[in-house]
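The sequence and the structure are shown first, and the description follows.

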Amino acid sequence: MSLKTTLLATLAAVSLAIPAFAEGPIKVDDAYARSSGKTAIAGAAFMMIHNQGDADDRLIGATSDAAARVELHTHKVDENGVAKMVHVEEGFAIPAGETHMLKRGGDHVMFMGLTAPFEQDAMVSVTLIFEKAGEVEIEIPVDLERQDKGGHGSHSN
C-alpha cells in the first residue's frame with residue numbers, strides 16, 4: 001500500500017471514529033447508544049451537548065429512523081424511592097456557554113419500538129431538535145459494552 005493510500009485510509013478511519021459533532025453553536029461529544037440486548041425493543045442514547053453560543057437554548061426533541069418513537073426522558077424517584085423513566089415534554093435547557101450531560105440514570109434520548117436491534121459498533125442516525133439552533137444531525141455509535149458510572153436503571157444523576 002502506498003503512503004498516500006495509507007494516509008487517506010488513516011484519515012478516514014480517524015474521522016469516523018471521533019463521535020464529536022458541531023453545527024453552529026451546538027457541539028455534541030462522547031455520544032453513544034445502547035439497548036439491553038438483541039431482542040430489545042427499546043434503546044437509549046447518551047452524550048454531552050455543549051452550547052457554544054451566546055444565547056440559552058433548549059433541546060426540545062429528537063427523531064430517528066431507528067425507532068418508531070423517540071423521546072427525551074429522565075428518571076424521577078417517587079415518594080416510595082422507586083425510580084421511573086418519564087418523558088420530558090419541555091426538553092432540556094442548555095444555557096449559553098454550558099454543557100448538558102445526557103447520561104445513564106439521568107436525562108437521555110429514548111428509542112421506543114426499535115426498527116432493528118442495536119448491533120455493537122453500528123451507527124444510529126439521530127436528529128436533535130433545538131429551540132434556537134434548529135436541527136442538528138448526528139451519527140451515534142452503538143456501544144453495548146460501555147460501563148459508565150451508574151447504570152441506565154441507576155438513580156444517580
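## Confidence of the model

The model is predicted. The protein has an average pLDDT of 84, and 79% of the residues score at least 70. Over residues 3-23 the pLDDT is below 50, and this stretch has 16 contacts in the model beyond near neighbours in sequence. Residues 150-157 also stay under 50 in pLDDT. For residues 150-157 the model has 25 contacts beyond four places in sequence.

## Overall composition

The secondary structure comprises 1 helix and 11 strands. Read from the N terminus, the order of elements is α-β-β-β-β-β-β-β-β-β-β-β. Of the 157 residues of the protein, 38% count as buried. When contacts between residues at least 6 apart in sequence are considered, 67% join residues at least 24 apart.

## The open sheet

Four strands form an open sheet in the order β7-β4-β10-β11, and the pairing is antiparallel. From one strand to the next, the twist averages 35°.

Within this sheet, strand β4 (residues 57-63) and strand β10 (residues 123-130) run antiparallel and are joined by 4 bridges. Gly61 has Ile129 in β10 as its bridge partner.

Strand β11 contains Glu137. This residue is exposed, because its relative accessible area of 60% lies above the cut-off of 50%. Leaving aside neighbours within four places in sequence, Glu137 is in contact with Val126 and Thr127. Glu137 and Ser64 are 73 residues apart in sequence, while their C-alpha atoms are 9.7 Å apart in space.

## Strand β9 and its partners

Strand β9 is largely enclosed by the rest of the structure, because 6 of its 7 residues are buried. Two pairings of β9 can be described. With β3, strand β9 pairs in the antiparallel sense over 4 bridges; with β5, the antiparallel pairing of β9 extends over 6 bridges.

Met110 of β9 takes part in both descriptions: Met110 is the bridge partner of Ala44, and Glu71 stands opposite Met110.

Strand β5 (residues 67-77) also holds His75. With a relative accessibility of 11%, His75 counts as buried, since the cut-off is 20%. A polar atom of the His75 side chain lies 3.5 Å from the backbone oxygen of Gly105.

In soluble globular proteins, nonpolar side chains tend to be buried together. Here the largest nonpolar core has 29 residues, and those with the most contacts inside it are Met47, Ile49, Leu59, Val109, Phe111 and Leu128. At least two residues of this core come from each of β2 (26-35), β3 (42-51), β4, β5, β7, β9 (108-114), β10 and β11.

Not counting residues up to four places away in sequence, Ile49 touches several residues, among them Ile26, Val28, Leu59, Ile94, Leu102, Leu128 and Phe130. The contacts of Ile49 also include Lys27, Glu98, Thr99 and His100. A second, separate core consists of 5 residues, including Tyr32, Phe46, Met110 and Met112.

Methods: Residues are numbered from 1 along each chain as its sequence is written. This is a predicted model: local features need pLDDT of at least 70, side-chain atom pairs count only at pLDDT 80 or more; totals for chains, interfaces and linings use all residues. Side-chain values use heavy atoms; hydrogens and water are left out. Two strands pair if DSSP finds at least two bridges between them. Axes are lines fitted to C-alpha atoms, for helices over the stretch in contact, and angles run from 0 to 180 degrees between N-to-C directions. pLDDT is the predictor's confidence in each residue, from 0 to 100. Contact means heavy atoms within 4.5 Å. Buried means under 20% relative accessible area, exposed over 50%, partly exposed in between (1.4 Å probe, protein chains only). A polar contact is a pair of N or O atoms within 3.5 Å; within protein, one must be able to donate a hydrogen and the other to accept it, and residues adjacent in sequence count only if both atoms are side-chain atoms. A nonpolar core is a set of buried Ala, Val, Leu, Ile, Met, Phe, Trp, Tyr and Cys residues joined through side-chain atoms within 4.5 Å.
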